[in-house]
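We will go stop by stop.

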Amino acid sequence: MKLAGMHYLHVTLKPTIEEICQSHKSCEIDPVKLKDGENLENNMESLRQYVDRIFTVITKSGVSCPTVMCDIFFSLREAAAKRFQDDLDVRYTAVSSFIFLRFFAPAILSPNLFQLTPHHTDPQTSRTLTLISKTIQTLGSLSKSKSASFKESYMATFYEFFNEQKYADAVKNFLDLISSSGRRDPKSIEQPILLKEGFMIKRAQGRKRFGMKNFKKRWFRLTNHEFTYQKSKGDQPLCSIPIENILAVERLEEESFRMKNMFQVIQPERALYIQANNCVEAKDWIDILTKVSQCNQKRLTVYHPSAYLNGHWLCCRASSDTAAGCTPCTGGLPANIQLDIDGDRETERIYSLFNLYMGKLEKMQEACGSKSVYDGPEQEEYSTFIIDDPQETYKTLKQVIAGVGTLEQEHAQYRRDKFKKTRYGSQEHPIGDKSFQNYIRQQSEISTHSI
């Protein structure tokens, strides 16, 4: 998620995190830790505003969630619902455990590890981010007794601000969007999930050869199954477009009908031209329609940015109404995966893992040379290993163990040189420093053993 969702994380959280770091507002709500002159109610209100802002940007960011993450969330949701059929909320909690607990909460808690801030935050800001992270994590968990989940009484008191149904509904709508849009079978979920609805103006699609292609106000409704419109809210649909039939969703140039805020939903036979109430509403509809249809196998790569009028396309002047598009599509592009990795840090982590499990590596190496690997499992300790290619595995393990051993020798030499150059009683190694005393003790033991 860190690799696939780094760009998504930056777009969603970075502006608010930067503002929190720059403002340096005190948000301490623990009465014991309050400084002189601080007001508990003011701090609580500042923290509440920060939590509200971050919660809103997260729950409104579903259309920006990378496709690869949505696919995984959908699979996770379906597997959990199938395994725990008696738990009606498991389809939400299974996904929220990843997106909130393992993605957003850690990024808020330690923004420098996700390149949201260039450096470690100061203690006061770090404390603010800790409180925000704990609250956001609890909001996303959808647990029934949230106040009881806090060990600290002041956190339970603060959380009373968020004990409203609107917060739970916002989380569920967000989880529905990111865990249903990446599915392969649009009808795999029996109950359709309402994603967006509202009045817009649409142009007649021209199903009848001599019908009038005028504009009419209709109530549009989008679920994870279909995109429909009807005369008024609650009426029977006049038109239903299955999600799998949406080939592209793009803006429509103003010159087509001399109307602003228009976009087109392109289908196999024709395009549906729609005018939203304003530019913000148009962008919201385009984003969410693109999101729910971006996994369709027949999505277009090119489209016509203008309408087909008077026997030709206004954009490219092609006369055939079935002519291929003249402009690359902007929606449905692959997820923006940024491999922004700290090589030194990741190499150090790999080395630490190898060094920590050196005993198991050596045991695996012995297993490769064991007769049980070649002749089948026997009653001995190595029979628990299953190794497909023992010879190549033995060579690889030998190289890994040798490499880790060489690095360990380099580290040991570095420590020896460092302590030799550092005077006992200096700032680096003050009197009573346990690490220095341990080193002296280890060196004396090594010398005695050598003698």
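**Before you click**

This is a predicted model: local features need pLDDT of at least 70, side-chain atom pairs count only at pLDDT 80 or more, and totals for chains, interfaces and linings use all residues. Residues are numbered from 1 along each chain as its sequence is written, and side-chain values use heavy atoms, with hydrogens and water left out.

**Stop 1: the whole protein**

Select everything and colour by secondary structure.

Now switch to a surface. The protein exposes about 26600 Å², and carbon and sulfur atoms supply 51% of that area. Accessible areas come from the Shrake-Rupley method with a 1.4 Å probe; for residues, only the protein chains shown count as cover.

How many of the 451 residues count as buried? The share is 41%. Buried means under 20% relative accessible area, exposed means over 50%, and partly exposed lies in between (1.4 Å probe, protein chains only).

Contacts come next (heavy atoms within 4.5 Å). Among contacts with a separation of 6 or more, 60% are between residues 24 or more positions apart.

**Stop 2: helix 1**

Select residues 6-23. This is helix 1, with 18 residues. Its first and last C-alpha lie 24 Å apart, close to the expected 26 Å. The expected span is 1.5 Å times one less than the number of residues.

Where does helix 1 bend? Go to leucine 13: the bend there is about 50°, and proline 15 follows within four residues. The bend is the angle between axes fitted to the seven residues ending at a position and the seven starting there.

Show side chains. Buried residues of helix 1 include Met6, Tyr8, Leu9, Ile17 and Cys21. Then step to histidine 24, which follows helix 1 and has a positive phi, near 55°.

**Stop 3: salt bridges**

The structure holds 12 salt bridges. Each is a side-chain nitrogen of Lys or Arg within 4 Å of a carboxyl oxygen of Asp or Glu.

Select lysine 166 and glutamate 164. Their closest N and O atoms are 3.9 Å apart. Lysine 166 is exposed, at 52% relative accessibility. Glutamate 164 is partly exposed, at 41%.

Next, pick glutamate 197 and lysine 233, another salt bridge at 3.9 Å, N to O. Glutamate 197 sits in strand 1 (194-203) and lysine 233 in the loop between strand 3 (226-230) and strand 4 (239-242), so the pair ties together parts 36 residues apart in sequence. Lysine 233 is exposed, at 56%, while glutamate 197 is partly exposed, at 27%.

Move to helix 8 (279-293). Aspartate 287 and lysine 283 both lie there, four residues apart, about one turn of the helix. Their side chains meet in a salt bridge at 2.7 Å, N to O. Aspartate 287 is partly exposed, at 24%. Lysine 283 is partly exposed too, at 44%. Finish with Glu45, Arg48 and Asp52, which salt bridges with shared partners join into one network.

**Stop 4: a nonpolar patch**

Select Leu353, Leu356 and Tyr357. They make a nonpolar surface patch of about 340 Å². Leucine 353 is in helix 9 (343-356). Patch residues have over 30% relative accessible area and no salt bridge; like charges are joined within 9 Å, and nonpolar side chains (Val, Leu, Ile, Met, Phe, Trp, Tyr) within 5 Å.

Key: Helix = DSSP H or I, 4+ residues; strand = E, 2+ residues; numbered from the N terminus.
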